Number of protein chains: 2
Amino acid sequence: MTVDVAGAAAALQAADDILILTHRRPDGDTTGCAGALCRGLRQLGKRAFILENPEITARYAPLIAPCYSPDDFSPQYIVSTDIAEEKLFSDNAEPYKGKVDLVIDHHRSNCGFGRKNLIRPDAGGCAEVIYDVLMALGVRFMPDIAECVYVGVSTDTGCFKFSNTTAHTHAVAAACLSAGIDGGEINRVLFETKSRPRFEMERIVFDTMEFYEDGAIALAMLWRADIDKTGADLDDLDSIASLTRQIEGVQVGLTLTENADGTVKASARTTKEVDASVICKKVGGGGHLRAAGASFDCGMEEAKKLILQAAREQYHAAR
Amino acid sequence: MTVDVAGAAAALQAADDILILTHRRPDGDTTGCAGALCRGLRQLGKRAFILENPEITARYAPLIAPCYSPDDFSPQYIVSTDIAEEKLFSDNAEPYKGKVDLVIDHHRSNCGFGRKNLIRPDAGGCAEVIYDVLMALGVRFMPDIAECVYVGVSTDTGCFKFSNTTAHTHAVAAACLSAGIDGGEINRVLFETKSRPRFEMERIVFDTMEFYEDGAIALAMLWRADIDKTGADLDDLDSIASLTRQIEGVQVGLTLTENADGTVKASARTTKEVDASVICKKVGGGGHLRAAGASFDCGMEEAKKLILQAAREQYHAAR
């Protein structure tokens, strides 16, 4: 059953002993949502907890860890926040599959696995939806709640930079700052700080980057031995493929990553003039207009020749 | 004479044949302010132009160049936007010194060099003040005006990341997006695109960066021969000193730049634990708590020894 903000608020108003779930590889939005909702419900006098997320990182732990449910808690009402499908439940949330009372989300792909479902694909961050629900519940927007909402909204929109940022996103951010949080300091930690492994990975991208076609094509090579030396994890590698495209004049950014088994992953990122999916289809891969990929088992140097040839062809075809 | 938003709007309402000035080394805020104000005044049926800025860059030219005043224009009312003092007038604005009718600005240091002065230091971008004035004038907030305001606000606040971002900043951004502009695409151009020289400069910082004290101190060396090879201009070098501090764990980021005359500029950037000004005072320089500098005429290697020694001492003193 689909509900609107008022419907979700009414359901929460009627509920108690509430358990809130977050998704695997928890990010700022799912933890911000859960943290804000739990604190808001408690302000209304309800017993509410967040299920421990075993994959939580140091950065987002303060948002949810203080609200973790004790062992003897018997939840009567289950809420999921920012979880697109039950497959994304953390392992310890297994028992709640098929038992979610209220789904609050913003993923278009969410088919509504709860008894009630508030899904708003127009929201840049799911935390925007949580904000609306909290307001409908009459929760006072205290700084601890505002900080959770702000982290959710800002991380999911690239600090208001991405195209998913709407007027509503900015209105929610305005409310958060009005509540008295230190947005500048939060953003410094979230957006101006790089891990050492991430820094080392960027150094490799910068060091290996070569330019072709008068700077319209850039190519970086991430050799396994170099990756291993940095100690980079999946988070550190996240979005590294987009670095090549950030340079002025680059229309096709290619990144080759040597996997542990010797196979090679190629990522293509393009500006709107060139279709990345066509480039990757030429070498057996595929993807989207601006972001596509392909796999090779012929080694890095041969993969470089093949993807570069495909990129050159498509670059000239697009002119 | 100090005026508020209503006072500035009334003055503009009574004026005609208006010329708008922008500051030297024009940025997104001064050009966004002038572009929005000029277009808004024209919507009200007034004759309004922007004085050509000889230093305009390709990025911001579209905001003001279409509104440049023709040679035979005889302005009756002069407005300056985002200009903190008359020293910052472009050379061709020389004749208007002492003759500005209305100053609209957000710099705290602005002492009010106009006949009337609307100065709001609380505004993250001066374009926020322009927005308020346009609303007071009853201007319809069309996309071309909204785009100017958005560029002003977003560039001056680091895309809503810096601590000068307020609830009002976000409210103005919300109005801009509601007007129908493509914020995502504007931000891609403004914040996700690096010039090749800037990229090459960052590569040098990354390549030369060394870590001391278990990663708490980072030091980068920008040799003149390397800088010259990149073709970097002042814009490309802007804020390069802050890169060292962005790495997790770094409390003191040092950048040494070799000047054309062989002297060396040292920049220190610190997190809140360490006082950058104390480090630089030890070697004859000075500055602020988190950003300070010093000059050397002993060559790069000797300067490195001296500033590093000072940083180490202060780092340990602060623990």
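Lys305(A) counts as exposed, since its relative accessibility is 58%. Its partner in a salt bridge is Glu302(A), with 4.0 Å from N to O. Glu302(A) is partly exposed, at a relative accessible area of 34%. Both residues sit in helix H12 (residues 300-317) of chain A, and because they are 3 residues apart there, about one helical turn separates them. Please keep in mind that this is a predicted model.

### Salt bridges

Over all chains, the structure holds 34 salt bridges.

| Pair | N to O distance |
|---|---|
| Glu302(A) and Lys305(A) | 4.0 Å |
| Arg120(A) and Asp132(A) | 3.0 Å |
| Glu213(B) and Arg312(B) | 3.1 Å |

The pair Glu213(B) and Arg312(B) joins distant parts of its chain, 99 residues apart: Glu213(B) belongs to the loop between strand S6 (210-212) and strand S7 (217-222) of chain B, and Arg312(B) to helix H12 (residues 300-317) of chain B. Glu213(B) is partly exposed at 24% relative accessibility, and Arg312(B) is also partly exposed, with a relative accessible area of 29%.

Which parts of chain A does the Arg120(A) and Asp132(A) pair tie together? The side chains of these two residues meet in a salt bridge. Arg120(A) lies in the loop between strand S5 (116-119) and helix H4 (126-136) of chain A, while Asp132(A) is in helix H4, so the bridge connects parts that are 12 residues apart in sequence. Arg120(A) counts as buried because its relative accessibility is 17%, and under 20% is the cut-off for buried. Asp132(A) is buried as well, with a relative accessible area of 17%. Together with Asp122(A), Arg120(A) and Asp132(A) are linked in a network of salt bridges.

Chain A has 12 helices and 11 strands, and its C-alpha atoms fill a box of roughly 65 × 40 × 35 Å along the principal axes. Of its 319 residues, 56% count as buried. Among contacts in chain A with a separation of 6 or more, 65% come from residues 24 or more positions apart.

In soluble globular proteins, nonpolar side chains tend to be buried together. The largest nonpolar core here has 113 residues, and Leu12(A) and Leu12(B) have the most contacts inside it. Beyond residues up to four places away in sequence, Leu12(A) touches several others, among them Ile18(A), Leu37(A), Tyr77(A) and Val133(A). A second, separate core has 30 residues, including Ala220(A) and Ile247(A).

Phe73(A) is found in the loop between helix H3 (61-64) and strand S3 (77-81) of chain A. Is Phe73(A) buried or exposed? Phe73(A) is buried, with a relative accessible area of 12%. Leaving aside neighbours within four places in sequence, Phe73(A) is in contact with Asp17(A), Ile18(A), Leu19(A), Arg47(A) and Phe49(A).

### Where the chains meet

At the interface, 41 residues of chain B are in contact with 41 residues of chain A. The area buried between the two chains is about 3600 Å², and carbon and sulfur atoms give 58% of it. How many salt bridges cross this interface? The rule finds 0, but there are 9 residue pairs in polar contact across the interface, both at pLDDT 80 or more. On the side of chain B that touches chain A, the elements giving two or more residues are helix H6 (167-178), helix H7 (183-191) and helix H8 (196-208). That side has 15 nonpolar, 13 polar and 13 charged residues.

Conventions. Residues numbered from 1 in each chain as written. Chains lettered and ligands numbered in written order. Predicted model: local features only at pLDDT ≥ 70, side-chain atom pairs only at ≥ 80, totals over all residues. Heavy atoms only, no water. Contact = heavy atoms within 4.5 Å. Buried area = accessible area lost by both parts, 1.4 Å probe. Polar contact = N/O pair within 3.5 Å; in protein donor to acceptor, adjacent residues only side chain to side chain. Helix = DSSP H or I, 4+ residues; strand = E, 2+ residues; numbered from the N terminus. Nonpolar A, V, L, I, M, F, W, Y, C, P; charged D, E, K, R; others polar. Core = buried A, V, L, I, M, F, W, Y, C linked by side-chain atoms within 4.5 Å. Buried < 20%, exposed > 50% of the residue type's maximum accessible area, 1.4 Å probe, protein only.
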